[in-house]
Amino acid sequence: MSFTERAVALIKQIPRGKVMTYGQIARLAGSPRGARQVVRVLHSMSKKYKLPWYRVINSKGEIGFKDEEMHLVQKHLLEAEGIIVSSDGKLDLKVYLYEPDVHK
C-alpha cells in the first residue's frame with residue numbers, strides 16, 4: 001500500500017468529534033516528515049474519497065487555513081460535531097486528538 005493509500009485510510013477512520021494532525025497522519029502512513037504530502041492528499045482527494053478533511057489540523061491544535069472563508073467552514077464543521085474551537089481557531093488536542101490503533 002502506498003503512502004497516499006495509507007493516508008487516505010487513516011483520514012477516513014477519524015471519528016466524529018475527533019481530529020488528527022497532518023504530522024500524525026504522515027508518521028502513521030510511513031513518512032514522518034510528510035505533513036505537506038498529507039495536505040496534498042487532502043487537497044486533491046477529499047472530494048473523490050469523501051474524506052472528512054476538516055478533522056485534520058496542525059500540530060499546535062489549530063485550524064491551518066489562512067483563507068478566512070475556509071477557516072470558518074472548518075470551524076463550523078468541527079463545532080457541529082461537538083468540538084469546542086476558540087475564536088482564533090484553536091482546540092484542545094488533549095481532549096480531541098484521535099489516536100488510532102494501528103496494530104490491529
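Trainee: At what angle do the axes of H1 and H3 cross?
Mentor: In this predicted model, the axes of helix H1, residues 3–12, and helix H3, residues 35–49, cross at roughly 65 degrees. The two axes come within 10 Å.

Trainee: Is H1 roughly parallel or roughly perpendicular to H3?
Mentor: H1 is roughly perpendicular to H3, because angles of 65 to 115 degrees count as roughly perpendicular.

Trainee: And is the crossing left-handed or right-handed?
Mentor: The crossing of H1 and H3 is right-handed.

Trainee: Which residues meet there?
Mentor: From H1, the residues are Phe-3, Thr-4, Val-8, Ile-11 and Lys-12. They meet Gln-37, Val-38, Arg-40, Val-41, Leu-42, Met-45 and Tyr-49 in H3.

Trainee: What does that contact hold by class?
Mentor: The contact of H1 with H3 has eight nonpolar residues, together with two polar and two charged ones.

Trainee: Changing topic to pockets: what is the volume of the largest pocket?
Mentor: The largest pocket has a volume of about 390 Å³.

Trainee: How many residues line it, and which lie nearest its centre?
Mentor: The lining of the largest pocket has 15 residues. Nearest the centre lie Val-39, Leu-42, His-43, Trp-53 and Phe-65. Leu-42 is also one of the H3 residues that meet H1.

Trainee: Which helix gives the largest share of the lining?
Mentor: H3 gives the largest share, with eight residues. Helix H4, residues 68–80, also supplies at least two residues of the lining.

Trainee: How do the lining residues divide by class?
Mentor: Eight residues of that lining are nonpolar, five are polar and two are charged.

Key. Residues numbered from 1 in each chain as written. Predicted model: local features only at pLDDT ≥ 70, side-chain atom pairs only at ≥ 80, totals over all residues. Heavy atoms only, no water. Axes fitted to C-alpha atoms, helices over the stretch in contact; angles between N-to-C directions. Helix = DSSP H or I, 4+ residues; strand = E, 2+ residues; numbered from the N terminus. Parallel < 35°, antiparallel > 145°, perpendicular 65-115°, else oblique. Left-handed = near helix turned anticlockwise from the far one by under 90°. Contact = heavy atoms within 4.5 Å. Nonpolar A, V, L, I, M, F, W, Y, C, P; charged D, E, K, R; others polar. 1 Å grid on protein atoms, 1.4 Å probe; cavity = no way out; pocket = protein on both sides within 12 Å on 5 of 7 lines; lining within 4 Å. Points joined across faces, edges and corners; volume = space filled by probe spheres on them.
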